[in-house]
Amino acid sequence: MTRTIVPIGPYHPLQEEPEFFTLTVEGETVVDIDLKLGYNHRGIEKLSEGKVYDQAIFVVERVCGICSTSHPFAYTQALEDLASVEAPPRARFIRTIIAEGERIHSHLLWLGLAGHFLGYNTVFMWSWKLREEILDVMEILSGNRNNYAMFKVGGVRRDIQSEDIPEVLRKIDSIVPTLEKLRKAIMEDPVLHARTKGIGVLSREAAVDYCAVGPTARASGVARDIRKHCSYGAYEEISWQMIVAHNGDVFDKLLVRIKELFESINIIRACLSGLPDGEIDCRVTDIPPGEGIGHIEAPRGECFHYVRSDGTNRPVRHKIRAPTYMNLPTYKSTVVGETISDAAIILAAIDPCYCCTERIAVLDDKGQKLHSGKQLLDLSRQKTEQLRARFGV
Amino acid sequence: MLQLLKDHFPQAIVSVHDRGPKRVYLEIDAGAITEVAGHVFKELGARFNTASAVDGRNRMEILYHFTLEDINLVLSFRVFLPKTALVIASLTSVFTAAEWIEREIHEMFGIHFVGHPQLERLLLPEDWPEKVYPLRKDYEEWDPDAVRDRGV
């Protein structure tokens, strides 16, 4: 059978990590996939070498717009490791609240997009509406809907006012019934099961081999969560559950994220009710020579920072590794053998940010354009419609 | 754990820097990296985080970070390479996860990984000149028209 090359990408301004996929397809089936990265490579590691430690927090905050807390969190964690200090308890609780709020809005964003790809625009509308409530909560807590600028070495910049807590709790509680309704609607939909179950399976062995992180790994039965195992923030002091599923398909990735949403809400509630009194900053004055590692569980998985200091006010080396860096290569194992109409949702299942899919174009071997991104999205939706007809829904 | 590693690789481990209960740095012989990494990954069940290369004054350094979640420990293996021979064995034979980071270190620092299946550029654009390594300390701006914030 003739092979056709399908280029996907390369980039979109909203995308966190732009990438260019080359799918090789035989008829409907994907037989090979290659990736090209770097379209939006901004040289932040080099940039950070020229910034003083306090400035770099704002630089890393802008590595990603969606998980804008993860990088400052990991970076301050690395510097605190370097300076052998620990943030005071109240600061650790506030950090945890911000990080979990971010996880909720990030997972809701993904959930909406997954629905959008599958032709469930109601899911898209609902989850993004719920996300607004969380962004409001973040605004109450930090003053910003995004890029919170809450972190500093040794603590946080802004305290949570006790008079704000009832409003925050009210807003968080208000999304739970709708979220529950949404969860039921998704979990009990036969078409969604047919579209996502057994699709894009990442086996446990492959997840270990690729060193996948976060929900991508946990959906494949790899019970690893930095929050659970590598105590930081307030995660040790409150009780919560690590969510693990075992099939590694798109459905389980969906399941893990939905369950994590509820878990994150519980964590925020527990943190707010148990918020200890005291300082929010331990006033780190200088960074000694040495090296430090900070890693935290971002919404997409482990975010890792390594900082080397020579005793001056700028780092000698600052290595940043975002979670998608480890999760993206797993496409090689999940997309091959699947059909092209499933490719969109499999590519989206690790939550790499969605925008490349909008820019999909299918070319034949002479470079003629066969499908636009919209047509490919339509292909995915048509499949859902066919299944709907078959299930009589 | 450390004693176990020391007993297992008496020759390979040059020195141990115990930074505390959660962080340990081990300097190892560059020739033994695949053997040591294979052992911690397969036998001890460690997860490979990433590798960080550092351009030192006299020599290049690579740190391979592993996390052992069960005991909450980040193990970092440090190897030193002389600037005249920037060659080290690739870890891709041990785990696929090393593929990207080795490509990145290759293009950013100019370190060659022997045995890598696809040692091509990962992040740098196609018009970037050969043998110009941006994360090295002696990097000099090669493009007169470029506006790059070097932060200084």
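Biologist: Which residues of α4(A) meet residues of α11(A)?

Modeller: Two residues are in contact if their C-beta atoms, placed from the backbone, lie within 7 Å. On the α4(A) side, the residues that meet α11(A) include F93(A), I97(A), I104(A), L108(A) and L111(A), and among their counterparts in α11(A) are L254(A), I258(A), L261(A), I265(A) and I268(A). The residues of this contact comprise 15 nonpolar, four polar and four charged, where Ala, Val, Leu, Ile, Met, Phe, Trp, Tyr, Cys and Pro count as nonpolar, Asp, Glu, Lys and Arg as charged, and the others, Gly among them, as polar. This is a predicted model, in which local features need pLDDT of at least 70 and side-chain atom pairs count only at pLDDT 80 or more, while totals for chains, interfaces and linings use all residues. Residues are numbered from 1 along each chain as its sequence is written, and chains are lettered from A and ligands numbered from 1 in the order in which they are written.

Biologist: At roughly what angle do the axes of α4(A) and α11(A) cross?

Modeller: Axes are lines fitted to C-alpha atoms, for helices over the stretch in contact, and angles run from 0 to 180 degrees between N-to-C directions; helices (H or I, at least four residues) and strands (E, at least two) are DSSP runs, numbered from the N terminus. Here α4 (residues 89-117) and α11 (residues 250-273) of chain A have axes that come within 9 Å and cross at roughly 155°. The two helices are therefore roughly antiparallel to each other, a label for angles over 145 degrees.

Biologist: In what order do the strands of the open sheet in chain B run?

Modeller: Two strands pair if DSSP finds at least two bridges between them. The order in chain B is β1-β2-β5-β4-β3, five strands with mixed pairing. β1 (13-18) and β3 of chain B stand at the edges with a single partner strand each, so one side of each has no neighbour in the sheet. The twist from one strand to the next averages 20°. β1(B) runs antiparallel to β2 (residues 23-28) of chain B, joined by five bridges, and V16(B) has L26(B) as its bridge partner in β2(B).

Biologist: How many residues of chain B are in contact with chain A?

Modeller: There are 27, facing 30 residues of chain A. On the chain B side, β3 (47-55), β4 (59-68) and α3 (98-109) each supply at least two residues, and β3(B) gives the largest share, six residues. α3(B) also lies across β3 and β4 of chain B, at about 5° to β3(B).

Notes. Angles under 35 degrees count as roughly parallel, over 145 as roughly antiparallel, 65 to 115 as roughly perpendicular and the rest as oblique.
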